[in-house]
Amino acid sequence: MPEQTIMELRILDTEFNLKAKGNEEHISHVSEYVNTELERVKTANPFTNHIRIAILGCMNITEKLFNAEEKVRNFEETKVKEKSEVSLVKEELESTKTILNEEKMKYKALTEEKDLLQKELDEKNDLLAQYREHLRQSKTESETSRKTILDLQNQLFESQIELVKANKNHMEKDIFKNIEDKMKID
């Protein structure tokens, strides 16, 4: 238990002793505030007695106390509202975090799917490139084969022409020989 001390105070030019338990500095501060307020009332009402000054001072201090208490109540109400709003914001934040995590997972799944599709597309493009190369080679081979066939057809045609010429010469010789043979017989 704190030790009691006796403090000497002076309010409105009146000295008195007060038993104090604890914070003497705080009591001195309160005493100075009351004395200042009463001196202000006394200055505003110089011909008023000490009891009226004390009552008016108490009224002023009480009004300030009520105003301060009203401010504290308003502050507390505002604090409660703000806590409620903070709670709502926290809930929205948690909801947003949940949505963000879901979107991140969707993004990850879409990225994985995109990578798989890209891999599949790359494989199909490689296959398409192989088919195109094979088609190009086939066209080259086909063109070469066509040229070879044309060359062989030309050779065949020339051979047929030579055969026809040879047959014609042979036939002419046979005809001349037959004619010569007939002329010799006659």
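User: Which residues does Lys64 touch, not counting residues up to four places away in sequence?

Analyst: A contact means heavy atoms within 4.5 Å. By that test, Lys64 touches Tyr33, Glu37 and Arg40, once residues up to four places away in sequence are set aside. Please note that this is a predicted model, in which local features need pLDDT of at least 70 and side-chain atom pairs count only at pLDDT 80 or more, whereas totals for chains, interfaces and linings use all residues. Residues are numbered from 1 along each chain as its sequence is written, and side-chain values use heavy atoms, with hydrogens and water left out.

User: What do the side chains of Lys64 and Glu37 form?

Analyst: Side chains of opposite charge can pair when their charged atoms come close. The term salt bridge is used for a side-chain nitrogen of Lys or Arg within 4 Å of a carboxyl oxygen of Asp or Glu. Lys64 and Glu37 form such a salt bridge, with 2.9 Å from N to O. Because Lys64 belongs to helix H2 (residues 50-185) and Glu37 to helix H1 (residues 24-44), the pair ties together parts that are 27 residues apart in sequence. Helices here are DSSP runs of H or I with at least four residues, strands are runs of E with at least two, and both are numbered from the N terminus.

User: How far apart in space are Lys64 and Pro46?

Analyst: Their C-alpha atoms are 22 Å apart, and 18 residues separate Lys64 and Pro46 in sequence.

User: Where do Glu94 and Lys97 lie?

Analyst: Both are in helix H2, three residues apart, which is about one turn of the helix. Glu94 and Lys97 form a salt bridge in which the closest N and O atoms are 3.8 Å apart. Glu94 is partly exposed at 45% relative accessible area, and Lys97 is likewise partly exposed at 41%.

User: What separates Glu103 and Lys106 in helix H2?

Analyst: About one helical turn separates them, because they are three residues apart in helix H2. The side chains of Glu103 and Lys106 meet in a salt bridge, at 3.5 Å from N to O. Glu103 has a relative accessible area of 40% and is partly exposed; Lys106, at 48%, is partly exposed too. Elsewhere, salt bridges that share partners join Arg10, Asp13, Glu15 and Lys42 into one network.

User: How many salt bridges does a search of the whole structure find?

Analyst: The search finds eleven salt bridges.

User: Which pattern does the chain follow along the sequence?

Analyst: The chain follows β-β-α-α, with two helices and two strands in total. The radius of gyration, taken over C-alpha atoms, is compared with a globule rule of 2.2 Å times the number of residues to the power 0.38. The chain has a radius of 62 Å, well over the 16 Å that the rule gives for 186 residues, so it is more spread out than a compact globule. Along its principal axes, the C-alpha trace spans about 195 × 40 × 25 Å.

User: What share of the residues in the chain is buried?

Analyst: Buried residues make up 6% of the 186 residues. As for contacts with a separation of 6 or more, 24% of them are between residues 24 or more positions apart.

Definitions and conventions
Buried < 20%, exposed > 50% of the residue type's maximum accessible area, 1.4 Å probe, protein only.
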